[in-house]
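Here is a short report on one chain.

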Amino acid sequence: MAGKLMHALQYSKYGGGADGLKHVEVPVPTPHKDEILLKLEATSINPVDWKIQKGGLRPLFPRKFPHIPVGHLAVQLAKLGNTHVTATCGARNIEFVKSLGADEVLDYRTPEGAALKSPSGRKYDAVIHCATGIPWSTFEPNLSENGKVIDITPGPNAFLTFAVKKVTCSKKQLIPLFLSPKAENLDYLLKLVQERKLKVVIDSQHPLSKAEDAWARSISGRATGKIIVEP
């Protein structure tokens, strides 16, 4: 494989958003011992990608450039676990989220939705936090005695709150989450999709040559489902 090139999308400094991305040709990686080389058929753009570019996760990622860069699934997986699910979204997506199985849906643009108060008055045992800009002071009064907030796109404030809650031995905690994919977990999700128990919703599809559009779409916060980039 030595000498062959492939197309890639890179950024060489923090910031810049979609305009900071560059299309380049880079060498095809050569697998080392106990490694394999995979051909990528498609990928998705997720909020954590542009948050790394923005610099919000600098404490966790070394300053090494260049970098090559769940919501609707979380609702379905929670229902498969036989739980009562309260979801938040904009008004235009309320019926869509209900169709995924949510028992209650909050419009985050209303005062009640912004406060994350359950319409049924329930306290939350667990919150999967997929958005940004929501302070701990909003979560805490809505949690049960041992409630946990799982932040899947954590920033510096999330790690500060995590540390404070650990030091003070609080039963209510915020847990920053970073995942390492495991084969058995991916196999389980694939099985759910094949059995039509898990529906993957596609927001939009973009060719790699226009990956900046996918990046900007994710930053806009208006995507409903996964944003796909294809070679």
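Helix α7 contributes the most to the nonpolar patch, three residues. The model is predicted: local features need pLDDT of at least 70, side-chain atom pairs count only at pLDDT 80 or more, and totals for chains, interfaces and linings use all residues. Residues are numbered from 1 along each chain as its sequence is written, and side-chain values use heavy atoms, without hydrogens and water.

The patch covers about 430 Å² and consists of Leu77, Leu80, Leu186, Tyr188 and Leu189. At least two of its residues come from each of α2 (71-80) and α7 (183-194). Patch residues have over 30% relative accessible area and no salt bridge, and nonpolar side chains are joined within 5 Å. A salt bridge puts a side-chain nitrogen of Lys or Arg within 4 Å of a carboxyl oxygen of Asp or Glu. Tyr188 sits in α7.

Buried means under 20% relative accessible area, exposed over 50%, partly exposed in between (1.4 Å probe, protein chains only).

| Residue | Relative accessible area | Class |
|---|---|---|
| Tyr188 | 49% | partly exposed |
| Cys89 | 8% | buried |
| Cys169 | 65% | exposed |

How many disulfides does the whole structure hold? The search finds zero; a disulfide needs two cysteine sulfur atoms within 2.5 Å.

The chain has eight helices (H or I, at least four residues) and ten strands (E, at least two), taken as DSSP runs. Of its 231 residues, 33% are buried. Its C-alpha atoms fill a box of roughly 60 × 40 × 35 Å along the principal axes.

Methods: Patches are made of residues with over 30% relative accessible area and no salt bridge: like charges are joined within 9 Å, nonpolar side chains (Val, Leu, Ile, Met, Phe, Trp, Tyr) within 5 Å. Accessible areas come from the Shrake-Rupley method with a 1.4 Å probe; for residues, only the protein chains shown count as cover.
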